[in-house]
Amino acid sequence: MMNPQQYSSAGKLKDTRYMAYQFFTETIEVSRMSALAFFEAGEGLFKGKRMFWQNREKTFTLVGLGHAHVMSTPNSHGRFEEVKREWQSLCRQIVNEEHEVQPILFGGFSFDPLNNTQSVWTNFPQAYFAVPTFQLTIQDDRAYVSIHLITKDDHSFNEFDALRKERDRLIHSAQVSELKRYGKPVAVKLTEIKKERYLESIGQVTEIIKAKQAEKVVIARALKLQYDKPLSPAAALYQISEEQPESFLFGMEAQNQFFFGASPERLVKVKDRQALSTCLAGSIPRGKTAEQDAKLGEELLQDKKNRSEHQYVVKMISKVFNEHSTNIIVPKMPKLMKIRDIQHLYTPVEGELAQGSTLLDLVKDLHPTPALGGEPKQEAMSLIRQYETMNRGFYAAPIGWIDAKGNGEFAVAIRSALLSGKEAYLYAGGGIVEDSSPESEYAETWVKFRPMLRALGGQLSDES
Ligand SMILES: C=C(O[C@H]1C=CC=C(C(=O)O)[C@@H]1O)C(=O)O
Ligand SMILES: [Mg+2]
């Protein structure tokens, strides 16, 4: 471990809401360690206040333990602006340009704050973000641990010393504790929630689309797995990372609930004002042989129904990029994204952020893309509320991080599950267009459920 550095106070904060707050931060470089072991080390003291993030490329990993500052809102309107304003205001007060590692705000938004359906998502507000007390950042091959303290307390020096001791304990524990062998959980029961209702809704929504009341609507369903005892979040993260090594990996605790997943879908990334989004929609399974796989891929590229599902997403994301960026690049044809169980049509969209536009503006205007909502957006949202008869909570919603410079990345939280007590709720959906059929959409959701089912020990026989 190298020398501690950067012990600083940013002084009194200006915003009245933060009037009496002071910010203390310290970052040290540490030997590279397992991010999951660090997450696990926080189990005792920080359970309920932990988060995990890893990008698709595996070049950036974040673990947060404890909350130095929480931004959460029960409000349905203006939640994106609220988070944006509060973060900008906090940053003006606390950020010191010289710090190599900046505090990061991590969290997400619910899918649809206007959905009032009672659900299992009891601990998740409409927006839920935190600056962690202890932040592990692994960037390329370097690892850092930061302490963030945002406090009104005059005795913060004592408090900060206690945090340093705690930090050293966490690092030690993560580096030397025996590597946990996470056994696969075994579910005792699997329930397809409202399966008949789901099948019926696909037929109904297809009719509505044929009648031109909407063009595309994404309809999802849920599975429930039950266990003898609650599952450990670290074990669940470990299992899903083994299943989907090529995806974004995310997890966030809200008290005794844990939402996590491995998503192939980026909503948007901003680095040095360069913005990148990926349109991901249209699906077909992997083939059993390389030949079969190539044939299926070709079929997907040529398929009218899947191409139409995809095109709505390209059109919408391009439109949003046109409003917020310049020098936009959108390839004319989709490519294939091949992951373990499924192949998708995918089109990257790039642009340079326009003056005055920010990452959170893009998140606000992109969410939900027609890969998760539909077209037109408001009609689709209202049809989802009406026909899905569930509450998606954070499934299909933006989850990610943002730093003080406005860099950050949000994934679309699909291929995900909520752990709550002795239960796990898994979610999957698909894009409904004019020529969709209930049977093939149902089959498509099984393919999307597969990795999470394997991770959580809920496999069905052959079908899944
Ligand atoms: C809605 C989901 O996937 C979306 C992303 C990729 C492909 C999709 C599709 O082909 O239907 C969906 O739009 C999900 O995984 O639950
Ligand atoms: Mg589809």
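View 1. Leaving aside neighbours within four places in sequence, A68 is in contact with V131, P132, T133, H148, L149 and I150. Contact requires C-beta atoms, placed from the backbone, within 7 Å. A68 sits in strand β4 (residues 60-73). Strands (E, at least two residues) and helices (H or I, at least four) are DSSP runs, numbered from the N terminus. A68 is buried, with 23 other C-beta atoms within 10 Å. Buried means 20 or more such atoms within 10 Å, exposed 12 or fewer, partly exposed in between. E375 is 307 residues from A68 along the chain, and their C-alpha atoms are 39 Å apart.

This is a predicted model: local features need pLDDT of at least 70, side-chain atom pairs count only at pLDDT 80 or more, and totals for chains, interfaces and linings use all residues. Residues are numbered from 1 along each chain as its sequence is written, with chains lettered from A and ligands numbered from 1 in the order in which they are written.

**View 2. The largest nonpolar core.** This core has 134 residues. A nonpolar core joins buried Ala, Val, Leu, Ile, Met, Phe, Trp, Tyr and Cys residues through C-beta atoms within 7 Å. F38, V217, A236, F250, A413 and L426 have the most contacts inside the core. Strand β6 (residues 127-139) gives the largest share, eight residues. Domain 1 (5-176) and domain 2 (189-455) both contribute, so the core lies between them. Leaving aside neighbours within four places in sequence, V217 is in contact with V205, I209, G374, A380, L383, I384 and I432.

**View 3. Where the two domains meet.** The bounds of domain 1 and domain 2 come from an automatic or database domain assignment. Their centres, taken over C-alpha atoms, are separated by 26 Å. In domain 1, 41 residues are in contact with 45 residues of domain 2. On the domain 1 side, α1 (35-41), β3 (50-54), α3 (79-94) and β5 (104-109) each supply at least two residues. The largest share of that side, six residues, comes from β5.

**View 4. Helix α11 and its kink.** Helix α11 (residues 438-455) has 18 residues; at 1.5 Å a residue it should span 26 Å, and its end C-alpha atoms are 26 Å apart, which agrees. The expected span is 1.5 Å times one less than the number of residues. A kink of about 45 degrees lies at F449, shortly before the proline P451. The bend is the angle between axes fitted to the seven residues ending there and the seven starting there. Buried residues of α11 include E441, T445 and K448. Just after α11, G457 takes a positive phi of about 65 degrees.

How values were computed:
Two residues are in contact if their C-beta atoms, placed from the backbone, lie within 7 Å.
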